[in-house]
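This briefing walks through selected features of one protein model, grouped by topic. Please keep the sequence and the 3D view at hand while reading.

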Amino acid sequence: MSSSSAAPMERHHSIDAQLRLLAPGKVSEDDKLVEYDALLVDRFLDILQDLHGPHLREFVQDCYEVAAEYEGDRDAARLDELGGRLTGLAPADSIVMASSFSHMLNLANLAEEVQIANRRRNKLKRGDFADEASATTESDIEETLKRLVSDLGKTREEVFDALKNQTVDLVFTAHPTQSIRRSLLQKHGRIRNCLRQLYAKDITADDKQELDEALQREIQAAFRTDEIRRTQPTPQDEMRAGMSYFHETIWKGVPKFLRRVDTALKNIGIDERLPYNAPLIQFSSWMGGDRDESQSYTRGDKGCMPVGQNDGC
(Lines give C-alpha, C1' and ligand atoms only; values in the text may rest on other atoms or scores of the structure.)
Protein backbone atom coordinates (compact mmCIF):
# COMPACT_ATOMS: atom_id res chain seq x y z
CA MET A 1 0.00 0.00 0.00
CA SER A 2 1.42 3.35 -0.95
CA SER A 3 0.48 6.93 -0.35
CA SER A 4 1.64 10.37 -1.40
CA SER A 5 2.31 13.58 0.46
CA ALA A 6 -1.01 14.87 -0.85
CA ALA A 7 -2.96 12.11 0.93
CA PRO A 8 -6.11 13.49 2.56
CA MET A 9 -5.98 14.27 6.23
CA GLU A 10 -8.71 11.72 6.91
CA ARG A 11 -6.21 8.89 6.42
CA HIS A 12 -3.98 10.02 9.28
CA HIS A 13 -5.70 8.67 12.37
CA SER A 14 -4.47 7.05 15.53
CA ILE A 15 -5.60 3.51 16.28
CA ASP A 16 -8.01 4.85 18.87
CA ALA A 17 -9.45 7.36 16.41
CA GLN A 18 -9.89 4.67 13.75
CA LEU A 19 -11.86 2.54 16.16
CA ARG A 20 -14.06 5.53 16.88
CA LEU A 21 -14.74 5.90 13.17
CA LEU A 22 -15.90 2.28 13.03
CA ALA A 23 -18.54 3.10 15.66
CA PRO A 24 -19.70 6.63 14.82
CA GLY A 25 -22.78 6.26 17.00
CA LYS A 26 -20.57 6.26 20.06
CA VAL A 27 -18.85 9.51 19.10
CA SER A 28 -20.55 12.52 20.64
CA GLU A 29 -20.91 15.83 18.86
CA ASP A 30 -18.20 17.38 21.03
CA ASP A 31 -15.72 14.59 20.32
CA LYS A 32 -12.85 16.16 18.39
CA LEU A 33 -10.21 13.47 18.96
CA VAL A 34 -10.26 12.36 15.32
CA GLU A 35 -9.74 15.92 14.11
CA TYR A 36 -7.08 16.71 16.71
CA ASP A 37 -5.09 13.58 16.01
CA ALA A 38 -5.44 13.84 12.25
CA LEU A 39 -4.23 17.43 12.23
CA LEU A 40 -1.17 16.70 14.40
CA VAL A 41 -0.13 13.63 12.40
CA ASP A 42 -0.68 15.44 9.10
CA ARG A 43 1.49 18.35 10.20
CA PHE A 44 4.17 16.00 11.47
CA LEU A 45 4.31 14.03 8.21
CA ASP A 46 4.75 17.29 6.30
CA ILE A 47 7.65 18.20 8.59
CA LEU A 48 9.15 14.73 8.21
CA GLN A 49 9.05 15.11 4.45
CA ASP A 50 10.75 18.50 4.61
CA LEU A 51 13.52 17.11 6.82
CA HIS A 52 14.07 13.65 5.30
CA GLY A 53 12.32 13.59 1.93
CA PRO A 54 9.10 12.08 0.55
CA HIS A 55 10.41 8.51 0.56
CA LEU A 56 10.78 8.36 4.31
CA ARG A 57 7.43 10.07 4.84
CA GLU A 58 5.74 7.47 2.67
CA PHE A 59 7.54 4.66 4.49
CA VAL A 60 6.51 5.98 7.91
CA GLN A 61 2.92 6.49 6.81
CA ASP A 62 2.69 3.00 5.29
CA CYS A 63 4.05 1.40 8.47
CA TYR A 64 1.65 3.47 10.52
CA GLU A 65 -1.32 2.29 8.49
CA VAL A 66 -0.24 -1.37 8.51
CA ALA A 67 0.11 -1.21 12.31
CA ALA A 68 -3.38 0.34 12.59
CA GLU A 69 -4.84 -2.39 10.37
CA TYR A 70 -3.19 -5.08 12.48
CA GLU A 71 -4.67 -3.50 15.59
CA GLY A 72 -8.09 -3.72 13.97
CA ASP A 73 -8.09 -7.27 12.59
CA ARG A 74 -5.13 -8.96 14.35
CA ASP A 75 -4.05 -10.53 11.08
CA ALA A 76 -0.61 -12.05 11.68
CA ALA A 77 0.30 -11.47 8.04
CA ARG A 78 0.21 -7.72 8.62
CA LEU A 79 2.53 -8.08 11.60
CA ASP A 80 4.95 -10.08 9.47
CA GLU A 81 4.74 -7.43 6.78
CA LEU A 82 5.54 -4.70 9.28
CA GLY A 83 8.43 -6.68 10.74
CA GLY A 84 9.88 -7.29 7.29
CA ARG A 85 9.80 -3.61 6.45
CA LEU A 86 11.44 -2.52 9.68
CA THR A 87 14.19 -5.15 9.75
CA GLY A 88 15.29 -4.13 6.26
CA LEU A 89 16.08 -0.57 7.30
CA ALA A 90 19.58 0.84 7.46
CA PRO A 91 20.72 1.73 11.02
CA ALA A 92 20.42 5.48 10.41
CA ASP A 93 16.90 5.11 9.02
CA SER A 94 15.95 2.88 11.95
CA ILE A 95 16.83 5.68 14.36
CA VAL A 96 14.68 8.16 12.43
CA MET A 97 11.81 5.65 12.30
CA ALA A 98 11.95 4.99 16.04
CA SER A 99 12.06 8.72 16.74
CA SER A 100 9.16 9.34 14.36
CA PHE A 101 6.87 6.78 15.97
CA SER A 102 7.80 7.95 19.44
CA HIS A 103 6.94 11.50 18.42
CA MET A 104 3.66 10.41 16.84
CA LEU A 105 2.73 8.62 20.04
CA ASN A 106 3.44 11.81 21.99
CA LEU A 107 1.22 13.75 19.59
CA ALA A 108 -1.58 11.20 19.95
CA ASN A 109 -1.37 11.57 23.73
CA LEU A 110 -1.50 15.37 23.44
CA ALA A 111 -4.57 15.14 21.20
CA GLU A 112 -6.27 12.91 23.73
CA GLU A 113 -5.43 15.26 26.61
CA VAL A 114 -6.95 18.21 24.75
CA GLN A 115 -10.01 16.14 23.87
CA ILE A 116 -10.55 15.04 27.48
CA ALA A 117 -10.33 18.63 28.68
CA ASN A 118 -12.71 19.77 25.94
CA ARG A 119 -15.23 17.04 26.74
CA ARG A 120 -15.17 17.83 30.45
CA ARG A 121 -15.73 21.53 29.80
CA ASN A 122 -18.71 20.80 27.58
CA LYS A 123 -20.23 18.38 30.07
CA LEU A 124 -19.69 20.85 32.86
CA LYS A 125 -21.55 23.52 30.87
CA ARG A 126 -24.45 21.16 30.25
CA GLY A 127 -24.35 19.59 33.70
CA ASP A 128 -24.84 16.11 32.26
CA PHE A 129 -22.11 14.14 34.06
CA ALA A 130 -23.12 10.50 34.20
CA ASP A 131 -21.57 10.10 37.64
CA GLU A 132 -19.62 12.12 40.17
CA ALA A 133 -16.30 10.52 39.26
CA SER A 134 -16.53 11.80 35.67
CA ALA A 135 -16.68 15.45 36.73
CA THR A 136 -13.60 17.57 37.05
CA THR A 137 -12.43 17.91 40.64
CA GLU A 138 -12.77 21.67 40.77
CA SER A 139 -16.41 21.51 39.65
CA ASP A 140 -17.35 19.50 42.76
CA ILE A 141 -16.36 22.13 45.34
CA GLU A 142 -19.73 23.81 45.56
CA GLU A 143 -21.62 20.53 45.35
CA THR A 144 -19.54 19.11 48.21
CA LEU A 145 -20.20 22.14 50.42
CA LYS A 146 -23.91 21.97 49.68
CA ARG A 147 -24.02 18.29 50.63
CA LEU A 148 -22.28 19.00 53.92
CA VAL A 149 -25.02 21.49 54.76
CA SER A 150 -28.10 19.77 53.33
CA ASP A 151 -27.30 16.04 53.69
CA LEU A 152 -25.06 15.95 56.77
CA GLY A 153 -26.70 18.78 58.67
CA LYS A 154 -23.57 20.88 59.15
CA THR A 155 -24.00 24.60 59.65
CA ARG A 156 -22.43 27.02 57.22
CA GLU A 157 -20.20 28.32 60.00
CA GLU A 158 -18.96 24.80 60.79
CA VAL A 159 -18.12 24.24 57.14
CA PHE A 160 -16.27 27.55 56.93
CA ASP A 161 -14.31 26.96 60.15
CA ALA A 162 -13.32 23.45 59.07
CA LEU A 163 -12.20 24.70 55.67
CA LYS A 164 -10.08 27.48 57.18
CA ASN A 165 -8.23 25.01 59.41
CA GLN A 166 -7.53 22.18 57.01
CA THR A 167 -4.37 21.81 54.95
CA VAL A 168 -3.58 19.82 51.83
CA ASP A 169 0.16 19.23 51.65
CA LEU A 170 1.45 18.50 48.14
CA VAL A 171 4.91 16.93 48.22
CA PHE A 172 7.32 17.33 45.33
CA THR A 173 9.76 14.51 44.84
CA ALA A 174 12.19 13.69 42.05
CA HIS A 175 11.30 10.78 39.78
CA PRO A 176 14.41 9.13 38.30
CA THR A 177 12.19 7.27 35.83
CA GLN A 178 10.97 10.58 34.39
CA SER A 179 13.57 10.86 31.65
CA ILE A 180 11.73 13.35 29.43
CA ARG A 181 13.54 16.63 29.38
CA ARG A 182 11.89 19.75 30.76
CA SER A 183 12.37 21.60 27.46
CA LEU A 184 10.39 18.89 25.64
CA LEU A 185 7.58 19.02 28.19
CA GLN A 186 7.37 22.77 27.64
CA LYS A 187 7.10 22.27 23.87
CA HIS A 188 4.32 19.72 24.43
CA GLY A 189 2.50 22.30 26.52
CA ARG A 190 2.68 24.83 23.70
CA ILE A 191 1.38 22.24 21.22
CA ARG A 192 -1.62 21.62 23.49
CA ASN A 193 -2.29 25.36 23.71
CA CYS A 194 -2.14 25.80 19.92
CA LEU A 195 -4.44 22.83 19.35
CA ARG A 196 -6.96 24.06 21.88
CA GLN A 197 -7.05 27.56 20.41
CA LEU A 198 -7.30 26.29 16.83
CA TYR A 199 -10.69 24.76 17.57
CA ALA A 200 -12.13 27.70 19.46
CA LYS A 201 -15.54 28.70 18.08
CA ASP A 202 -14.77 32.41 17.71
CA ILE A 203 -11.42 32.06 15.94
CA THR A 204 -10.85 34.14 12.81
CA ALA A 205 -9.27 32.90 9.59
CA ASP A 206 -6.11 34.95 10.21
CA ASP A 207 -5.81 33.71 13.77
CA LYS A 208 -6.28 30.13 12.58
CA GLN A 209 -3.48 30.49 10.03
CA GLU A 210 -1.12 32.00 12.60
CA LEU A 211 -1.91 29.27 15.12
CA ASP A 212 -1.43 26.57 12.49
CA GLU A 213 1.99 27.98 11.65
CA ALA A 214 2.88 28.15 15.34
CA LEU A 215 1.71 24.55 15.74
CA GLN A 216 3.99 23.41 12.92
CA ARG A 217 6.96 25.21 14.48
CA GLU A 218 6.36 23.59 17.86
CA ILE A 219 5.92 20.11 16.37
CA GLN A 220 9.17 20.47 14.44
CA ALA A 221 10.98 21.83 17.50
CA ALA A 222 9.74 18.91 19.60
CA PHE A 223 10.77 16.38 16.95
CA ARG A 224 14.26 17.84 16.80
CA THR A 225 14.64 17.84 20.58
CA ASP A 226 16.37 14.86 22.14
CA GLU A 227 13.75 13.09 24.27
CA ILE A 228 16.14 11.40 26.66
CA ARG A 229 18.24 13.02 29.34
CA ARG A 230 21.72 11.71 28.66
CA THR A 231 23.27 12.44 32.06
CA GLN A 232 22.15 11.71 35.60
CA PRO A 233 20.24 14.69 37.01
CA THR A 234 21.91 16.65 39.78
CA PRO A 235 20.02 18.00 42.81
CA GLN A 236 20.01 21.37 41.05
CA ASP A 237 18.42 19.77 37.96
CA GLU A 238 15.72 18.21 40.13
CA MET A 239 15.06 21.55 41.79
CA ARG A 240 14.71 23.33 38.44
CA ALA A 241 12.37 20.61 37.18
CA GLY A 242 10.20 20.94 40.28
CA MET A 243 10.12 24.72 40.19
CA SER A 244 8.98 24.61 36.55
CA TYR A 245 5.61 23.35 37.80
CA PHE A 246 5.26 26.51 39.84
CA HIS A 247 6.10 28.73 36.89
CA GLU A 248 3.92 26.90 34.36
CA THR A 249 0.85 25.73 36.31
CA ILE A 250 0.79 26.24 40.07
CA TRP A 251 1.36 30.00 40.05
CA LYS A 252 -1.91 30.43 38.14
CA GLY A 253 -3.71 27.26 39.20
CA VAL A 254 -3.72 27.72 42.98
CA PRO A 255 -5.18 31.28 42.95
CA LYS A 256 -7.81 30.09 40.48
CA PHE A 257 -8.71 27.19 42.78
CA LEU A 258 -8.92 29.45 45.84
CA ARG A 259 -11.16 31.89 43.97
CA ARG A 260 -13.48 29.00 43.14
CA VAL A 261 -13.57 28.03 46.81
CA ASP A 262 -14.55 31.61 47.68
CA THR A 263 -17.28 31.52 45.03
CA ALA A 264 -18.59 28.19 46.33
CA LEU A 265 -18.70 29.57 49.88
CA LYS A 266 -20.61 32.63 48.70
CA ASN A 267 -23.11 30.44 46.85
CA ILE A 268 -23.99 28.53 50.03
CA GLY A 269 -24.55 31.75 51.95
CA ILE A 270 -21.13 32.64 53.37
CA ASP A 271 -20.04 36.12 52.32
CA GLU A 272 -16.73 36.01 54.19
CA ARG A 273 -13.70 35.22 52.08
CA LEU A 274 -11.02 32.73 53.04
CA PRO A 275 -8.33 34.44 55.13
CA TYR A 276 -5.14 35.10 53.18
CA ASN A 277 -3.13 33.17 55.76
CA ALA A 278 -5.40 30.10 55.72
CA PRO A 279 -3.06 27.15 54.95
CA LEU A 280 -5.52 25.48 52.58
CA ILE A 281 -2.74 24.33 50.27
CA GLN A 282 0.95 24.16 50.99
CA PHE A 283 3.89 22.56 49.25
CA SER A 284 6.76 20.46 50.55
CA SER A 285 9.71 18.86 48.82
CA TRP A 286 12.50 16.38 49.12
CA MET A 287 13.88 17.05 45.65
CA GLY A 288 17.64 16.64 45.69
CA GLY A 289 17.48 14.70 48.93
CA ASP A 290 16.35 11.25 47.80
CA ARG A 291 19.51 10.08 46.05
CA ASP A 292 20.79 6.55 45.56
CA GLU A 293 23.69 5.18 47.60
CA SER A 294 26.25 6.03 44.95
CA GLN A 295 25.70 9.72 45.71
CA SER A 296 26.63 11.73 48.75
CA TYR A 297 23.06 13.06 49.03
CA THR A 298 20.67 11.31 51.40
CA ARG A 299 17.30 12.28 52.78
CA GLY A 300 18.06 10.71 56.16
CA ASP A 301 15.39 10.97 58.83
CA LYS A 302 14.37 14.55 58.18
CA GLY A 303 11.39 13.74 56.00
CA CYS A 304 9.75 16.41 53.89
CA MET A 305 10.75 20.01 54.26
CA PRO A 306 8.79 23.05 53.07
CA VAL A 307 9.75 24.37 49.66
CA GLY A 308 12.53 26.89 49.99
CA GLN A 309 14.16 25.32 53.07
CA ASN A 310 17.38 23.35 52.97
CA ASP A 311 16.96 19.73 54.02
CA GLY A 312 20.67 19.23 54.59
CA CYS A 313 21.38 17.89 51.14
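Predicted model: local features only at pLDDT ≥ 70, side-chain atom pairs only at ≥ 80, totals over all residues.

Arg74 is found in the loop that runs between H3 and H4.

- The phi angle of Arg74 is near 55 degrees, which is a positive value in a residue other than glycine.
- As background, most residues other than glycine have a negative phi.

**Packing of H3 against H4**

- Helix H3, covering residues 54-73, packs with helix H4, covering residues 76-87, at an angle of about 155 degrees, and their axes are 8 Å apart. Because angles over 145 degrees count as roughly antiparallel, H3 is described as roughly antiparallel to H4.
- The crossing that H3 and H4 make is left-handed.
- On the H3 side the contact is formed by Phe59, Asp62, Cys63, Val66, Ala67, Glu69, Tyr70 and Asp73, which meet Ala76, Arg78, Leu79, Glu81, Leu82, Arg85 and Leu86 on the H4 side. The residues of this contact divide into 9 nonpolar and 6 charged, with no polar ones.

**Aromatic pairs**

- A pair of aromatic rings is described by the distance of the centres and the angle of the planes.
- With centres within 6.5 Å as the rule for a pair, the count comes to 6 aromatic pairs.
- In one of these pairs, the ring centres of Tyr36 and Tyr199 are 4.9 Å apart and the planes stand at 75 degrees, so the pair is edge-to-face. Tyr36 belongs to helix H2 (residues 33-52), whereas Tyr199 sits in the loop between helix H8 (182-198) and helix H9 (205-223), so the pair ties together parts that are 163 residues apart in sequence.
- The two tyrosines can also be described by their accessibility: Tyr36 is buried, with a relative accessible area of 3%, while Tyr199 is partly exposed, with a relative accessible area of 28%.
- The rings of Phe246 and Phe283 have centres 5.1 Å apart and planes at 70 degrees, so this pair is edge-to-face. Phe246 is part of helix H10 (residues 235-267) and Phe283 is part of strand E2 (residues 281-285), so the pair ties together parts that are 37 residues apart in sequence.
- Phe246 counts as buried at 15% relative accessibility, and Phe283 is buried with a relative accessible area of 18%.
- Ring pairs also bring in Phe172, linking Phe172, Phe246 and Phe283 into a cluster.

**The loop residue Arg273**

- Arg273 is placed in the loop between H10 and E2.
- When its neighbours within four places in sequence are left aside, Arg273 is in contact with Phe160 and Asp262.
- From C-alpha to C-alpha, Arg273 and Leu258 are 9.8 Å apart in space, and they are 15 residues apart in sequence.

**The chain as a whole**

- The secondary structure of the protein chain comes to 10 helices and 3 strands, and from the N terminus on the elements run α-α-α-α-α-α-α-β-α-α-α-β-β.
- The protein chain has 313 residues, of which 33% count as buried.
- Taking the contacts in the protein chain between residues at least 6 apart in sequence, 72% join residues at least 24 apart.

Terms used
Residues numbered from 1 in each chain as written. Heavy atoms only, no water. Axes fitted to C-alpha atoms, helices over the stretch in contact; angles between N-to-C directions. Helix = DSSP H or I, 4+ residues; strand = E, 2+ residues; numbered from the N terminus. Parallel < 35°, antiparallel > 145°, perpendicular 65-115°, else oblique. Left-handed = near helix turned anticlockwise from the far one by under 90°. Contact = heavy atoms within 4.5 Å. Nonpolar A, V, L, I, M, F, W, Y, C, P; charged D, E, K, R; others polar. Phe/Tyr/Trp six-rings, centres within 6.5 Å; stacked < 30°, edge-to-face > 60°. Buried < 20%, exposed > 50% of the residue type's maximum accessible area, 1.4 Å probe, protein only.
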